[in-house]
2 protein chains.
Amino acid sequence: MGTLNDHHQYMYPSNNMNNEKCKSRVAVPPPQPFFKSLQTSFKETFFPDDPLRQFKNQPRSRKFVLGLQYFFPILEWAPKYTLDFFKSDLIAGITIASLAIPQGISYAKLANLPPILGLYSSFVPPLVYAMMGTSKDVAVGTVAVASLLTGSMLSTVVDPNENPKLFLHLAFTATLIAGIFEATLGLLRLGFIVDFLSHATIVGFMGGAATVVCLQQLKGILGLTHFTQSTDLIDVMHSVFSQEHQWRWESAVLGCGFLFFLLLTKYFSKRKPMFFWISVMSPLISITLGSVLVYLTHAEKHGVQVIGSLKKGINPPSFGDFVFNSPYFPVALKTGLVTGVIAMAEGIAVARSFAMFKNYNIDGNKEMVAFGVMNIIGSCTSCYLTSGPFSRSAVNYNAGCKTAFSNIVMSIAVMITLLFLTPLFFYTPLVVLSSIIMSAMLGLIDYEAAIHLWKTDKFDFVVCISAYIGVVFGSVEVGLMIAVTLSVLRVLLYVARPKTVVLGNVPNSICFRSVEQYPEAQTVPGILILEIGAPIYFANATYLRERIVRWVDEEEERLKSSGENSLHYVILDMRAVTCIDTSGISMFEEVHKVIDRRKLQLVLASPGGEVMKKLDRANFIEKLGQEWIHLTVGEAVGACRYMLHTYKSKSTAESETWSNNV
Amino acid sequence: MGTLNDHHQYMYPSNNMNNEKCKSRVAVPPPQPFFKSLQTSFKETFFPDDPLRQFKNQPRSRKFVLGLQYFFPILEWAPKYTLDFFKSDLIAGITIASLAIPQGISYAKLANLPPILGLYSSFVPPLVYAMMGTSKDVAVGTVAVASLLTGSMLSTVVDPNENPKLFLHLAFTATLIAGIFEATLGLLRLGFIVDFLSHATIVGFMGGAATVVCLQQLKGILGLTHFTQSTDLIDVMHSVFSQEHQWRWESAVLGCGFLFFLLLTKYFSKRKPMFFWISVMSPLISITLGSVLVYLTHAEKHGVQVIGSLKKGINPPSFGDFVFNSPYFPVALKTGLVTGVIAMAEGIAVARSFAMFKNYNIDGNKEMVAFGVMNIIGSCTSCYLTSGPFSRSAVNYNAGCKTAFSNIVMSIAVMITLLFLTPLFFYTPLVVLSSIIMSAMLGLIDYEAAIHLWKTDKFDFVVCISAYIGVVFGSVEVGLMIAVTLSVLRVLLYVARPKTVVLGNVPNSICFRSVEQYPEAQTVPGILILEIGAPIYFANATYLRERIVRWVDEEEERLKSSGENSLHYVILDMRAVTCIDTSGISMFEEVHKVIDRRKLQLVLASPGGEVMKKLDRANFIEKLGQEWIHLTVGEAVGACRYMLHTYKSKSTAESETWSNNV
């Protein structure tokens with residue numbers, strides 16, 4: 001046994017450790033009353049941000065004010081509003097309005113809705129958001145992907161050209177449903193559902209959607225009047241190239257020209273951030289230029305389609321237009337749920353990233369409620385689905401907005417446009433709108449993020465590409481379905497297949513670490529140390545049981561074939577097992593039985609409080625023996641080696657000592 | 001700073017630690033070629049049992065033999081079969097046959113199918129299983145819950161009394177689909193899907209199903225001719241008590257008498273395991289007694305219903321009976337998928353537990369293939385869904401079976417019954433069958449397991465009771481849906497809300513553990529140590545970011561209000577973070593930014609290999625600085641305290657030193 005002891009020098013006094021065993025006994029956490037522990041875990045699950053913290057120990061009237069401020073954050077920041085803030089917000093608001101007007105009209109076309117709806121949707125919802133939102137940077141408006149989705153999903157049952165009124169009503173209904181859904185999720189504090197859309201799937205899905213939107217613009221740019229209803233690459237390409245003789249060079253020249261102009265200003269602004277307003281103004285400039293050009297050349301008579309007359313006046317009420325009894329209601333329901341989640345996910349991601357930049361906090365659940373209420377009110381005032389689009393919010397941020405007041409400024413600017421300026425859009429060529437959409441969409445194809453995914457995580461890359469291919473070659477819904485399925489499957493796979501690794505002693509330290517990560521780490525003869533790499537639930541208990549038994553099998557085989565000392569102890573490092581359920585406990589009982597039957601001893605190292613509590617309640621600690629549970633792997637190894645030593649040196653009275661020790 | 005140093009005595013030489021920092025640098029695991037790591041993780045995910053191990057380094061002919069043995073384990077054990085084995089298997093086989101015959105007939109009634117099908121289903125499938133199964137103890141036959149489900153699900157579209165032929169053909173089709181589904185899952189090695197039914201849900205679901213089955217037997221016991229088609233408690237009770245005047249006392253007396261007899265023998269056998277065969281034989285005895293009684297008293301003319309004539313002869317072929325073109329095919333499909341999973345889950349659980357008892361291994365995926373093939377062949381030979389029922393397998397085990405040969409013996413015994421003995425069942429009263437079912441079902445209501453769940457894990461108990469209530473008050477499908485939804489939701493909640501705990505130094509040790517678990521553990525002034533309790537995925541990255549920031553907030557507030565030293569370092573103990581994805585990495589980047597902006601320093605302790613690899617690839621290690629990553633929490637604390645000390649003692653040149661150190 002001398003060689004064994006000299007094999008490596010542990011830094012801890014192994015004999016001491018054994019004498020003091022009781023001192024460092026692994027604690028079962030002090031018992032908590034049932035309802036308190038229930039309350040704690042409920043709070044950690046649904047109120048991790050502890051939103052009611054500020055309400056504690058406050059008089060009643062103060063609580064009322066705080067409650068109002070909780071739901072209407074404007075009451076909190078408005079009293080502290082200064083003239084400097086106002087100046088900044090005014091500039092930012094006018095800047096985003098100049099982007100919102102052309103973008104609104106364009107995206108409404110994308111959703112197969114009348115262009116005026118895009119303006120309506122930039123008037124009411126921003127007002128609501130300014131009162132209820134917690135973000136200082138989000139600029140509210142319609143979003144491209146949700147617009148496309150609304151258009152394509154509703155088009156499957158109602159043709160927007162044949163029955164525009166029903167189509168419009170379905171869109172309002174879908175918006176209402178999206179709003180109710182978003183607000184409900186927020187109130188029930190189920191915001192974490194959004195987290196199940198992983199970054200990789202969002203990159204792939206957004207890229208795919210942007211590609212699809214760009215492809216759809218070929219209709220406008222080539223001046224085609226007939227076009228396929230489906231969105232997949234093959235159908236669109238077929239539709240484009242089967243109508244070669246219908247291509248309009250006037251339209252194509254205009255479109256490509258404006259697209260070039262827009263991309264150029266974008267590129268320029270990216271190089272010189274000072275001039276970001278050039279790219280912000282370029283859509284409005286394009287629209288003005290295009291309209292003037294068409295007016296002067298009468299190009300509308302030569303195949304360049306124009307918007308035509310827009311109704312003057314602000315949003316008409318639309319709460320009488322909901323179609324709950326229509327046979328198409330289920331489609332509106334589905335559209336509302338899907339687009340609601342997508343739009344909300346984008347809005348919250350945008351709000352979060354800007355809050356991160358400026359170092360303030362946003363409340364995800366409050367944001368959801370704000371988005372929801374703004375869509376509910378929007379759906380009653382002729383607006384369709386809105387959220388916080390990235391492009392507009394980035395412009396808001398760059399223009400130096402200070403509070404959500406910039407949304408109010410934008411809203412007023414849009415109102416003025418609606419009241420007085422709509423006739424100016426009569427000659428605006430549709431092809432310019434297509435160029436605006438295309439230039440915005442090209443920025444969403446985030447190939448750099450895809451390359452980054454490839455470099456850091458291959459599986460994430462596969463998920464991303466699958467979502468992209470699903471959207472581009474299938475449909476937006478297929479892509480979304482693939483993305484969500486892969487995301488959930490990935491979570492389930494993570495849970496179902498936790499890592500187990502063999503640990504060894506890192507030289508010159510008392511640490512035991514993965515022999516894979518530290519090739520120089522040395523295993524201890526006669527002892528197999530396994531780390532279980534995740535909490536143990538029913539979903540992975542069976543796997544873990546089989547995997548642990550296989551590790552033991554393999555180790556015994558290896559030792560037998562190499563003629564080394566036989567195995568005596570199996571130490572499970574439980575550090576990463578932060579929680580466990582009843583299936584996990586039975587797993588331990590079964591592993592204990594199997595290991596026992598092979599005349600080996602199971603030893604647990606550093607189990608957490610939660611695990612100790614449950615093992616104790618299930619009487620497993622008693623069954624195993626408290627002396628086989630140690631605070632650290634080092635202590636466990638020390639104890640095992642001590643036993644091994646005693647056992648070996650007294651090998652004459654083998655059976656006796658063994659039974660005493662084990 | 002003196003007080004700080006004396007505050008507790010760390011066992012490690014903290015200055016030493018700093019000098020040797022480079023020695024115990026946290027390793028990035030050696031890079032692996034992409035395809036090798038892909039192969040490894042693929043293998044760990046789908047082939048954790050390494051089934052092809054034995055094929056390595058074998059000549060071609062040997063590989064062929066091994067391959068055959070792989071799919072037909074009988075080829076492996078048959079050559080080693082001995083006379084002793086045969087004796088044991090013969091007794092066991094005859095024992096299970098005596099149970100299989102009455103049970104088969106009873107369960108077929110439960111599925112609204114002709115009683116003879118129960119016998120057919122105990123003839124062909126056991127033969128197939130004997131060749132392909134890996135378990136030595138599973139006895140194949142029809143299962144109660146799957147029978148009930150088949151009956152109730154198909155009854156929703158076809159009335160078994162009005163159109164028995166179509167009903168039968170739908171049952172065959174459902175069986176075929178179940179078989180194909182099971183075999184496919186096994187071949188694709190997706191067996192882990194079954195693991196997502198947690199133990200708690202199975203206890204609740206099985207208990208509920210048993211209750212429902214018992215309630216259905218009131219029809220037979222009370223001799224009612226009309227009965228509700230639905231299975232929920234309220235409907236059944238209404239149906240029973242609205243027909244009070246139709247209750248048949250002859251039937252009730254017979255039924256209660258036999259039920260009493262069966263339960264008595266069961267109780268007796270439980271007390272004296274030697275006499276287990278008494279309870280095994282009691283169903284056959286009941287049937288014999290009941291038949292003789294009816295024959296002698298001609299009770300069939302006084303309201304006691306009897307089985308009537310059964311067709312002589314073995315299974316007729318049924319592969320022409322599948323109804324793929326029927327409008328009811330979708331229902332058959334659904335029935336097949338649901339019952340297939342349920343039956344398979346029971347069979348595999350049974351196989352696993354007996355393998356655990358006898359210390360041999362079964363291969364879950366092979367079992368699935370065996371169950372699948374036996375159902376595919378079964379559906380072509382007039383059998384309906386079979387699996388490995390617990391009751392019959394337990395009898396097989398208790399009767400001392402040695403190999404799957406006992407299934408062949410049972411099969412032959414059933415064949416003899418089919419060929420010669422069916423006329424004997426003419427006078428068997430249905431009420432006896434009801435008693436047999438009831439006594440079997442009462443054993444499935446595992447209230448002890450429910451109490452155990454309540455004691456160890458309240459949430460598991462809630463899941464269990466919900467499944468039970470869903471089945472009993474809703475329907476079997478509702479209960480199953482609730483059970484699966486709750487199980488998946490539980491996994492998602494586990495993943496979405498990992499634990500984060502504050503660590504403190506356990507006195508007289510170098511360990512840092514949860515201050516909740518060890519109330520005596522002491523926190524280190526100026527340093528906040530957090531343990532992250534799970535792998536970090538997209539599903540919990542947002543939560544963790546917000547939770548970590550909140551911990552820091554709260555700690556700073558606490559220190560401010562108590563007037564203690566301010567916070568300088570935040571140490572994240574990464575021991576439990578065994579893997580991470582790209583969202584997790586961005587989470588770290590964001591946390592780093594937030595902590596940096598507050599003039600605090602982020603320190604990582606003991607990150608695993610996988611995590612280091614990915615952090616390295618994402619250049620996070622560079623950004624953070626290799627010197628802020630430590631092998632253990634102890635080392636990290638040592639380094640921080642050293643820095644803190646240097647900083648404090650040189651407080652005259654504060655800013656300078658600070659910037660140098662941080």
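**Helix pair in chain A.** I started with helix α12 (residues 199-221) of chain A against helix α20 (residues 430-442) of chain A: they pack at about 160°, with axes 9 Å apart. For the record, axes are lines fitted to C-alpha atoms, for helices over the stretch in contact, and angles run from 0 to 180 degrees between N-to-C directions. Helices (H or I, at least four residues) and strands (E, at least two) are DSSP runs, numbered from the N terminus. α12(A) and α20(A) are therefore roughly antiparallel; the cut-offs are under 35 degrees for roughly parallel, over 145 for roughly antiparallel, 65 to 115 for roughly perpendicular, and oblique for the rest. The crossing of α12(A) past α20(A) is left-handed, meaning the near helix is turned anticlockwise from the far one by less than a right angle; clockwise would be right-handed.

Which residues make this contact? On the α12(A) side I noted A:Ala210, A:Val213, A:Cys214, A:Gln217, A:Gly220 and A:Ile221. From α20(A) the list includes A:Leu430, A:Leu433, A:Ile437 and A:Met441. Contact here means C-beta atoms, placed from the backbone, within 7 Å. By class, the α12(A)-α20(A) contact has eleven nonpolar, three polar and no charged residues. Ala, Val, Leu, Ile, Met, Phe, Trp, Tyr, Cys and Pro count as nonpolar, Asp, Glu, Lys and Arg as charged, and the others, Gly among them, as polar.

**Ground rules.** This is a predicted model, where local features need pLDDT of at least 70 and side-chain atom pairs count only at pLDDT 80 or more, while totals for chains, interfaces and linings use all residues. Residues are numbered from 1 along each chain as its sequence is written, and chains are lettered from A and ligands numbered from 1 in the order in which they are written.

**STAS region.** An unreviewed UniProt entry lists residues 517-640 of chain A as "domain: STAS". UniProt positions are in the numbering used here, feature names are shortened, and annotations may be inferred rather than shown by experiment. I get 51% helix and 15% strand over residues 517-640 of chain A, with the end C-alpha atoms 24 Å apart.

**Sheet in chain A.** Six strands form an open, mixed sheet in the order β2-β1-β3-β4-β5-β6 of chain A. Pairing needs at least two DSSP bridges between two strands. β2 (512-514) and β6 (629-630) of chain A are at the edges with a single partner strand each, so one side of each has no neighbour in the sheet. Strand β1 (residues 500-505) of chain A runs antiparallel to β2(A), joined by three bridges, and A:Leu503 sits opposite A:Ser514. Helix α24 (residues 538-562) of chain A packs on the sheet, touching β1, β3 (527-532) and β4 (569-573) of chain A, at about 155° to β3(A).

**Next helix over.** α24(A) packs against helix α25 (residues 582-597) of chain A at about 20°, axes 9 Å apart. That makes the two roughly parallel, and α24(A) passes α25(A) in a right-handed crossing. Among the residues that meet are A:Phe538, A:Leu544 and A:Ile548 of α24(A), and A:Met587, A:Val591 and A:Ile595 of α25(A). Their contact has ten nonpolar, two polar and two charged residues.

**Chain B.** I checked strand β1 (residues 500-505) of chain B: it pairs antiparallel with strand β3 (residues 527-532) of chain B over three bridges. B:Thr500 has B:Ile532 as its bridge partner.

**Chain contact.** How many residues does each chain put in? Chain B gives 71 and chain A gives 70. α24(B) supplies the largest share of the chain B side, seven residues.

Notes:
Two residues are in contact if their C-beta atoms, placed from the backbone, lie within 7 Å.
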